Amino acid sequence: MNRKSDILVVGSGLAGMTAALTAAASGKSVTLLCYGAGSLSISSDCIDVLGYFGGERTKEPFTVMERLPEEHPYRKIGTQAVKTALEWFEKFCAGAGLDLHKPAEGEGNHELITVMGTTKPSWLCPDSHDAACIRDAKHIAVFTVENMKDVHPRLIIDQLKHYPFLADKDFQGFTLPCPIKDARRNITPLDIARYVDKPDGLRWLHENLEAFAGKFDVFLLPPICGMELAQNVWKKLSTELNVRIVEMISIPPAVSGLRLYDVLRKSLNQKGVYLAENVQILSADVEQGKCRALYSEEGQRWEADEFVIATGGLLSGGISTEPGKAWESIFHIPLNVPADIEAWSSPDIFGSSLFARMGVSVGGDLRPLDEGGAILLKNVRFAGRVLGGYDFALEKSGHGVALATGWLAGTLAGKE
Amino acid sequence: MKHRNPDKCVACSTCVVQCPVAEVTSKFLGPRMTGPASERFRLLNAGEDESLSYCANCKNCNISCPQGVDVANINMLARTRYSREHRPSFRDWILAHGELEADLVRFFPSSLVNFGMVNPLTKFVLDAIGISKKADLPTFARDQFPALFKSYRQPTLHKKVVFFPGCYIKAYAPETGIDLVWLLNRAGYNVIYPENFCCCGTPLYTNGFEKDARKNAAVNLLELKKWREEGIPVLSLCPSCQLMFRSEIPIYFPELAEELDGKTALDDAQEFILSCIEKGELPLAGAEQNKLDVMYHAPCHLRAQGIGMPGLELLKKLPGVHAVNADAGCCGISGSYGFKKEKYDIGMAVGSQLFRTIKDSGIEQVATDCGTCRVQIMHGTGHPVAHPLNILRRRLDTTRR
């Protein structure tokens, strides 16, 4: 069966969904092909732009951006494009009932608190994750819920105390009683967040936190302040209990990424984007440097005028490898990797890894380039982790690159 | 029976987040734990956890998995292995063998049979064996598909297609099958319905009746092979039947699938109609033009197939029809799951988001491709629910205005 749309986006992570949304704003017909739900739904809704530069923590991503290596996606598309994409995203989220904000003027990256007791640099975050208030706080209560997986106040406090600016704080850990009775599995923050979306759940959280109000300056909570209603729940509780509430960033399922995923998916549907799920793209029909259609595992032919490929990296299937060789999975674009497999690994476990960096080389308009710098495919743009030249894990730039390149790829595809 | 390799799972928890059952009940360990994680213990012959029965086999784990792990299939294989040593209940036998029951009741007037099903006494008895008295069971059609088809006069046409109706259309919604025949005739195709075709086996397999499911698969594949060799496409309208043929038979009964070189998929009847429209065989000019708002629900077993939403595309092609996708998750019925006494409330909680989306939309007419989704949505909302082909025919057939 042959399907035709103006623009075809492949990949349902943050990059793909952003590309589909911005492409749809052009009024053209957009199809989004998904294979798996993308990593956003288990991640957070914070947008890290650049947390580390040259191995050092940085406060000002935009000041150092121009000094990144030339092959970095931010350098390819330019600082201005990154800024415009972030502004667009802030506005989009606000319109969808999810306020994300950048750090106050002159403050530099947000320092978010994680359930591992570490701080994490990020650029955009919702009010509930903003931990700036912790600097002036003296007494801080750290909460978990009985039977909750992966959130342990003693570990969090021990770790946080390693940071000089937190060493003198009065931290105290508490366990709230579990509201889910007879659970046959460990409770996660997501279970509680979903419960808190209901009136009973909100009442439970309010009643259990009330006893601590007035005794602490800040409450550090797992991300449990609701799902769809999270923003209202957080505001309501903060106001009624008259305390600063900070949701810690959790490990998967990290809750707030699912909040953003739901917002994006709803918006895609409202904008009329046609969503086809469980579609694994295996090959492409390319003629004279122009892609005509993509073929799925089921033998479907997905035709379009413009294509955005946001299929992710090695783990998501966007990149394929065998010893000494790596290539982009759909178009079989060879990636620049050393033939000697020994050179692929790094003895430094927390250092930069080729597996995280390898990816498609593109021009400023995100179209793929060959080794000589000539455009390989006229109507195909790449966005997100399938791009090469950056190490999202080391730099803390994953969502930032996904968002900025997704926004640009979708916008440019819409203009063709 | 081979175990599925659980090691493709990287334990990322995407399926846990997207599982509609885990969302509403903590009785279910969740797809990751019940599927790939437990599979490692099953390889060591460790005992089975009762939480396995809570998997609804809706396939949202398969759909959401970024690594291509077929979590729900791992669960169903485990359930089958378990059922070999622990006989499924009488209730599960009843729910699994709907086709046999339909065969028995067709000799009685449907009004009598349906009254027999919905009266308080029957409800009480069904509830006692474990079928929720709160559930609306589908009602038998007055004439089942085989009888209706036999008396239906098709014009003489040379191009041919074969139709696999599945037991839902056969017993409960034969008019949808007839609508397809009408549309195919109009597009120039004569429809063949081989009476050898039987239930695809989905309700049998998911309820633990492996042998019966295998028997059905063998019969169906033999028939399918025959038409394959003649070069005539075999169409189906039921998402769950299609999923069984396309991706489950090769996993559950690989030795049977080999007979067809693993190419066991049926063709999607609505995709076929779409291509008829594209080729100009089924012109839409002359269709009723008046305005109709439709909210479409994509069944999970359709989403799992990776073929998009042909029913929604058809609706969007109709002049005057404004169709929107509900995109509000699973309806909660999962075949026979939501009828079970201990699962009824779970099914309704799963469907609540869809029900709310429909009610809040202000749109009266709902459309979906799956028969049991239809029953569940009507039960949860009270809105009329049609198959997209019902709407297509209604707007094309001038004799029906």
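Domain bounds here come from an automatic or database domain assignment. The model shown in every view is predicted.

**View 1. The two domains of chain A.** Where they touch, domain 1 of chain A gives 15 residues and domain 2 of chain A gives twelve. Which elements give two or more residues to the domain 1 side of this contact? They are α4 (79–95) and α9 (256–270) of chain A. That side divides into five nonpolar, three polar and seven charged residues.

**View 2. Chain A as a whole.** Chain A holds twelve helices and 19 strands. Its radius of gyration is 22 Å, close to the 22 Å that the globule rule gives for 416 residues, so chain A is as compact as a globular protein of that length. Along the principal axes, the C-alpha trace of chain A spans about 70 × 45 × 40 Å.

**View 3. Helices α7 and α8 of chain A.** Two packed helices are described by the angle between their axes and the distance between the axes. Here α7 (residues 199–210) of chain A packs against α8 (residues 230–241) of chain A at an angle of about 30 degrees. Their axes are 11 Å apart. Angles under 35 degrees count as roughly parallel, so α7(A) is roughly parallel to α8(A). Their crossing is right-handed. From α7(A), the contact uses L202(A), L205(A), H206(A), L209(A) and E210(A). From α8(A), it uses V233(A), L237(A), E240(A) and L241(A). What classes do these residues fall into? Six are nonpolar, one is polar and two are charged.

**View 4. Where chain B touches chain A.** The contact takes 28 residues from chain B and 29 residues from chain A. On the chain B side, the elements that give two or more residues are α1 (14–18), α4 (60–64) and α17 (269–278) of chain B. Which of them gives the most? It is α1(B), with four residues. The chain B side has ten nonpolar, 13 polar and five charged residues.

**View 5. Helices α17 and α19 of chain B.** Helix α17(B), which also gives residues to the side of chain B that touches chain A, packs against a helix of its own chain. The axes of α17(B) and α19 (residues 310–317) of chain B come within 8 Å. They cross at roughly 35 degrees. The crossing is left-handed. α17(B) brings Q270(B), E271(B), I273(B), L274(B) and I277(B) to the contact. α19(B) brings P310(B), G311(B), E313(B), L314(B) and K317(B). By class, the contact has five nonpolar, two polar and three charged residues.

**View 6. The two domains of chain B.** The assignment for chain B gives domain 1 (6–85) and domain 2 (286–400). Their C-alpha centres lie 27 Å apart. Domain 1 of chain B gives eleven residues to the contact, and domain 2 of chain B gives eleven. On the domain 1 side, α2 (20–24) and α4 of chain B each supply at least two residues. This side has six nonpolar, four polar and one charged residues.

**View 7. Helices α3 and α5 of chain B.** The axes of α3 (residues 31–42) of chain B and α5 (residues 71–85) of chain B come within 9 Å and cross at roughly 55 degrees. That angle makes α3(B) oblique to α5(B). Is the crossing left-handed or right-handed? α3(B) passes α5(B) in a left-handed crossing. P31(B), T34(B), G35(B), P36(B), E39(B) and R42(B) of α3(B) meet V71(B), I74(B), N75(B) and A78(B) of α5(B). This contact has five nonpolar, three polar and two charged residues.

**View 8. Chain B as a whole.** Chain B has 22 helices and eight strands. Its radius of gyration is 21 Å, close to the 21 Å that the globule rule gives for 401 residues, so chain B is as compact as a globular protein of that length. The C-alpha trace of chain B spans about 60 × 50 × 45 Å along its principal axes.

How values were computed
Residues are numbered from 1 along each chain as its sequence is written. Chains are lettered from A and ligands numbered from 1 in the order in which they are written. This is a predicted model: local features need pLDDT of at least 70, side-chain atom pairs count only at pLDDT 80 or more; totals for chains, interfaces and linings use all residues. Axes are lines fitted to C-alpha atoms, for helices over the stretch in contact, and angles run from 0 to 180 degrees between N-to-C directions. Angles under 35 degrees count as roughly parallel, over 145 as roughly antiparallel, 65 to 115 as roughly perpendicular and the rest as oblique. A crossing is left-handed if the near helix is turned anticlockwise from the far one by less than a right angle, and right-handed if clockwise. Two residues are in contact if their C-beta atoms, placed from the backbone, lie within 7 Å. Ala, Val, Leu, Ile, Met, Phe, Trp, Tyr, Cys and Pro count as nonpolar, Asp, Glu, Lys and Arg as charged, and the others, Gly among them, as polar. The radius of gyration is taken over C-alpha atoms; the globule rule is 2.2 Å times the number of residues to the power 0.38.
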